[in-house]
Amino acid sequence: MIDIKYFLKGFKSIKGVGSPAIALGASFIAIGALLKNLGFSIQESIFSTFLTYALPGSLIMAESLFIGASLINIFIAVWLVNARLYPMTVSLMPLLMHENQPRWKYYLSCHFIAVSSWLIMKDNYKNIEKENRIDFWIGIGTATWSVAIISTAVGYMASDFLNKDILIGLAIINPIYFICMMIGAMKTLQICLSVILGTILGPAFYFISPEWSILFGGLIAGTIAFFVGEKNDK
Amino acid sequence: MTSNIIIVIIVTSLATYLSRFLGVISAEKIKETSKMFRWFNCLAYSTLAALIARIVIFPSGSLSEIDYLIRFVVVILSVIVFYITKKNLVYPTIFSAIILSLFSNYL
């Protein structure tokens, strides 16, 4: 069903110099502490990371609960902030699809798509035969997802010991990890432009609409990068 | 309240899974060599960059208590550490947390 050799190879991606474990752990420890302060039980906190596994979405959920937003508003706000997962999935899954592999693997393992697992897969897929990539991916996904779930529980239990300074330290780790990974990924003109323009336009659109800024900024930045890249690659 | 939290968690996860699920459906029809794929690849990187820039520049939660100049300096220093350590990802992340707490306490 799942080739254990490739699964383990993917699973081991949480070790070593490129490890996302610290960054993931730091941010989900902070989430665990935050959810505890919001009145979640430990089961609910773990359940939340288990089912959602996307940091900005969980943060929006926490904020919405805090201000008492309606369910439909929560749905829209979370969908907006996590809509980036759509282009991420579309730009990852074609690399993993193989006719010998059953479809359910793709529909189930798309749950593992999050920034860190996605960046690791993008960095490594060329080293794996196409037929085995999905099992490798499920390994990466299981590993990063487990780290997130365990860290949520740790953060929940340790929340009394996490003072303001520690929480601030935890909060910077994840963005720094992502910034470094993105810089590492800037190997083609298209990706360089996408990253640079996205960095500028995302915050710029924040002044017009905070909720839509990531999608609008990303859409325009990515489209410009695509056309400039296509023109120059020929 | 408890059942309320469960419903909110489920709504959040459905709103999140929706994008992933639709992504797989679309991916079934997109070849990795197509222009469409390259466009989506650009969109993925640009929305990610937009998201990360937003987290650093307009943070919510504990980071918002730090002056933006300090955040900026910490990002630059961490990227330098990333290059000095030959693109190791563990050192710059740990470094950033330490240097940020030092800055926020002593500056």
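Predicted model: local features only at pLDDT ≥ 70, side-chain atom pairs only at ≥ 80, totals over all residues.
**Entry 1: chain A as a whole**

I began with the secondary structure of chain A and found 13 helices and zero strands. Reading from the N terminus, I wrote the order down as α-α-α-α-α-α-α-α-α-α-α-α-α. Next I looked up the extent of the C-alpha trace, which spans about 55 × 45 × 35 Å along the principal axes of chain A. I then checked the radius of gyration of chain A, which is 18 Å; this agrees with a compact globule of 234 residues, for which the value would be near 17 Å.

**Entry 2: a helix pair, helix 2 and helix 10 of chain A**

I picked helix 2 (residues 21-37) and helix 10 (residues 133-158) of chain A, whose axes come within 6 Å and cross at roughly 40 degrees. That angle makes helix 2 of chain A oblique to helix 10 of chain A. The crossing of these two helices of chain A is right-handed. From helix 2 of chain A, the residues in the contact include L24(A), F28(A), I31(A) and L35(A).

**Entry 3: a second pair, helix 12 and helix 13 of chain A**

Here I moved to helix 12 (residues 189-206) and helix 13 (residues 213-233) of chain A. Their axes come within 7 Å and cross at roughly 150 degrees. Are helix 12 and helix 13 of chain A roughly parallel or roughly antiparallel? Angles over 145 degrees count as roughly antiparallel, and therefore helix 12 and helix 13 of chain A are roughly antiparallel to each other. I also noted that the crossing of helix 12 and helix 13 of chain A is right-handed. The residues of this contact between helix 12 and helix 13 of chain A divide into 15 nonpolar, ten polar and no charged.

**Entry 4: chain B as a whole**

I turned to chain B and found four helices and zero strands. From the N terminus on, the elements of chain B run α-α-α-α. The C-alpha trace of chain B spans about 55 × 50 × 20 Å along its principal axes. What is the radius of gyration of chain B, and what would a compact globule of 107 residues have? Chain B has 19 Å, but such a globule would have a value near 13 Å.

**Entry 5: where the chains meet**

Now I looked at the contact between the chains, which takes 84 residues from chain A and 70 residues from chain B. On the chain B side, helix 1 (2-27), helix 2 (35-57), helix 3 (68-84) and helix 4 (90-106) each give two or more residues. Which helix of chain B gives the largest share of the side that touches chain A? I found helix 2 of chain B, with 21 residues. The chain B side as a whole divides into 44 nonpolar, 19 polar and seven charged.

**Entry 6: a pair across the two chains**

Last, I followed helix 2 of chain B to helix 13 of chain A. These two pack at an angle of about 135 degrees, with their axes 7 Å apart. Helix 13 of chain A and helix 2 of chain B are therefore oblique to each other. Their crossing is right-handed. Helix 13 of chain A brings residues including L215(A), G218(A), G222(A) and F226(A). Helix 2 of chain B brings, among them, W39(B), L43(B), S46(B) and R54(B). This contact of helix 13 of chain A with helix 2 of chain B divides into twelve nonpolar, six polar and two charged residues.

How values were computed:
Residues numbered from 1 in each chain as written. Chains lettered and ligands numbered in written order. Axes fitted to C-alpha atoms, helices over the stretch in contact; angles between N-to-C directions. Parallel < 35°, antiparallel > 145°, perpendicular 65-115°, else oblique. Left-handed = near helix turned anticlockwise from the far one by under 90°. Nonpolar A, V, L, I, M, F, W, Y, C, P; charged D, E, K, R; others polar. Contact = placed C-beta atoms within 7 Å. Rg over C-alpha atoms; globule rule 2.2 N^0.38 Å.
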